[in-house]
Protein chains: 2
Amino acid sequence: MTQNIYDNDAFFAGYSRLGRSVEGLDGAAEWPALRAMLPGLAGRRVLDLGCGFGWFCRWARAQGAAEVLGLDVSENMLARARQAGEDPAIRYARANLEEVALPEAAFDLAYSSLTFHYIVAFERLLRRIHAALVPGGRLVFSMEHPIYMAPSRPGFVADAEGRRVWPIDRYLEEGPRSTDWLAKGVVKQHRTIGTTLNLLLACGFTLTHVEEWRPTDAQIAARPALAVERDRPMFLLVAAQR
Amino acid sequence: MTQNIYDNDAFFAGYSRLGRSVEGLDGAAEWPALRAMLPGLAGRRVLDLGCGFGWFCRWARAQGAAEVLGLDVSENMLARARQAGEDPAIRYARANLEEVALPEAAFDLAYSSLTFHYIVAFERLLRRIHAALVPGGRLVFSMEHPIYMAPSRPGFVADAEGRRVWPIDRYLEEGPRSTDWLAKGVVKQHRTIGTTLNLLLACGFTLTHVEEWRPTDAQIAARPALAVERDRPMFLLVAAQR
């Protein structure tokens, strides 16, 4: 069972103050890279798994998507998404992605931002997504990078020479990781890149792009604190095709 | 230009004493995982890029391969490969993989063990390999894992609590890495997993398996020192298809 941390009030309050919550897609540094992996959306049917505040759903409609279905497990998130305005072509629904049922061959694009690392029954979900896409349909998603998630203590430390390093351990020990981020005891599911990609292949997907997100020079110039993100990847971005 | 470190006498003397040099394939802990990724070889034409002492070439013949071509840049390695015995179906040749020419559609399998991380012009080589395979032909290779290669100081350190950690930095800064391993100043080419996989895709390959090598429980029971290899991956194993 996935932890529904977004309905924890302290977590939700903290999450609501993040740049990506206040500014939307443009507040997420990895968004330009993820956007570049998307197909054209005009006239397409789009599924957003873990839609949060609905920023992507509304963006997809602005790109001309015909229909958008945004699913999320969090009542808090969905309430905020619905407050952002009515659009008869966008439907928000509560769903636990661990056990969600999806209509078959109903979508041209399945999208998910920073949600899959919470999923325990990941292969089950990928099989449902594969079946929910039309042949040739795309899956584009981001997740927390396993280098970011693996460590017992996920935070930079100084080595003996004072160099800033990210302390990897347990990378090849897959399973839950509990961290304190906005709230105590946030549980994520650590998997290697190889495991994630092989699950996609086993479910019938063809891999089309794999990117370990890296801030651009322009992003670092505009926001020097991002330079640290070049020492270890925070996000894994993947595109695949049914 | 690739550094030909295997023709450095000190390096070669040290390399010749490694388990994988003395015992052959069974002396390499990652071999069972890599072997499991290989297609059947009976009657097949096999190319080994960076064949070293020729252990894989001879194993491929023992599996029934019809012809095997082993390429290596090192005279030292090729001399040792030739000393291991004559087989008219195995040909060893000296080649710099940075600028090698390969016959077109001439091989069913291209194999490479721990060689690609030395290659500067990697995309060029992958294009040549793609063209050298028959349609449906396979590429199976291992390389040093980028988590292993990225750090400024690639060695375990103790964190403030005495925990053994692998100090990642510069993971997203691709380019040469110089380390002291068997000899001073061994130069390898660091690339992220994403870059390696996207180069394969750009060259026309379909990805079929991606594995970050992990010692099995049985391997650790037989050789407890291997337990450390679960903290960070040393090898990346990839299978692809033309």
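## Two chains and how they meet

The contact takes 35 residues from chain B and 35 from chain A, where two residues are in contact if their C-beta atoms, placed from the backbone, lie within 7 Å. On the side of chain B that touches chain A, E7, helix H8 (193–202) and strand E10 (206–212) of chain B each supply at least two residues. E10(B) gives the largest share of that side, 7 residues. Sorted by class, the side of chain B that touches chain A has 15 nonpolar, 7 polar and 13 charged residues. Here Ala, Val, Leu, Ile, Met, Phe, Trp, Tyr, Cys and Pro count as nonpolar, Asp, Glu, Lys and Arg as charged, and the others, Gly among them, as polar. Helices (H or I, at least four residues) and strands (E, at least two) are DSSP runs, numbered from the N terminus.

A word on the model itself: it is predicted, local features need pLDDT of at least 70, side-chain atom pairs count only at pLDDT 80 or more, and totals for chains, interfaces and linings use all residues. Residues are numbered from 1 along each chain as its sequence is written, while chains are lettered from A and ligands numbered from 1 in the order in which they are written.

How are the copies related? Chain B can be laid on chain A with an RMSD of 0.0 Å by a turn of 180° and a shift of 0.0 Å along the axis. The two copies are thus related as by a two-fold rotation axis. The superposition is by least squares on the C-alpha atoms of residues with pLDDT of at least 70 in both copies. Of the residues of chain B, Pro167(B) comes closest to the rotation axis, at 2.5 Å (C-alpha). The copies meet through the same surface, because 100% of the interface residues of chain B are also interface residues in chain A.

| Strands | Sense | Bridges | One facing pair |
|---|---|---|---|
| E7 (164–168) of chain A and E7(B) | antiparallel | 3 bridges | Trp166(A) and Ile168(B) |
| E4 (107–113) of chain B and E5(B) | parallel | 6 bridges | Ala110(B) and Leu139(B) |

Strand E5 (residues 133–144) of chain B is largely enclosed by the rest of the structure, because 9 of its 12 residues are buried. A residue is buried if 20 or more other C-beta atoms lie within 10 Å of its own, exposed if 12 or fewer, and partly exposed in between. E4(B), helix H6 (residues 122–132) of chain B and E5(B) make a right-handed β-α-β unit; right-handed means that, with the strands pointing away from the viewer, the path from the first strand over the helix to the second runs clockwise.

Now for some loops. Most residues other than glycine have a negative phi. Leu114(A), however, has a positive phi of about 55°, and sits in the loop between strand E4 (107–113) and helix H6 (122–132) of chain A. Arg170(B) has a positive phi of about 60°, in the loop between strand E7 (164–168) and strand E8 (175–181) of chain B. Leu114(A) is partly exposed, with 18 other C-beta atoms within 10 Å.

Gly43(A) lies in the loop between helix H3 (31–35) and strand E1 (45–49) of chain A. With 10 C-beta neighbours inside 10 Å, Gly43(A) counts as exposed. Not counting residues up to four places away in sequence, Gly43(A) touches Gly64(A) and Ala66(A).

Technical notes. Two strands pair if DSSP finds at least two bridges between them.
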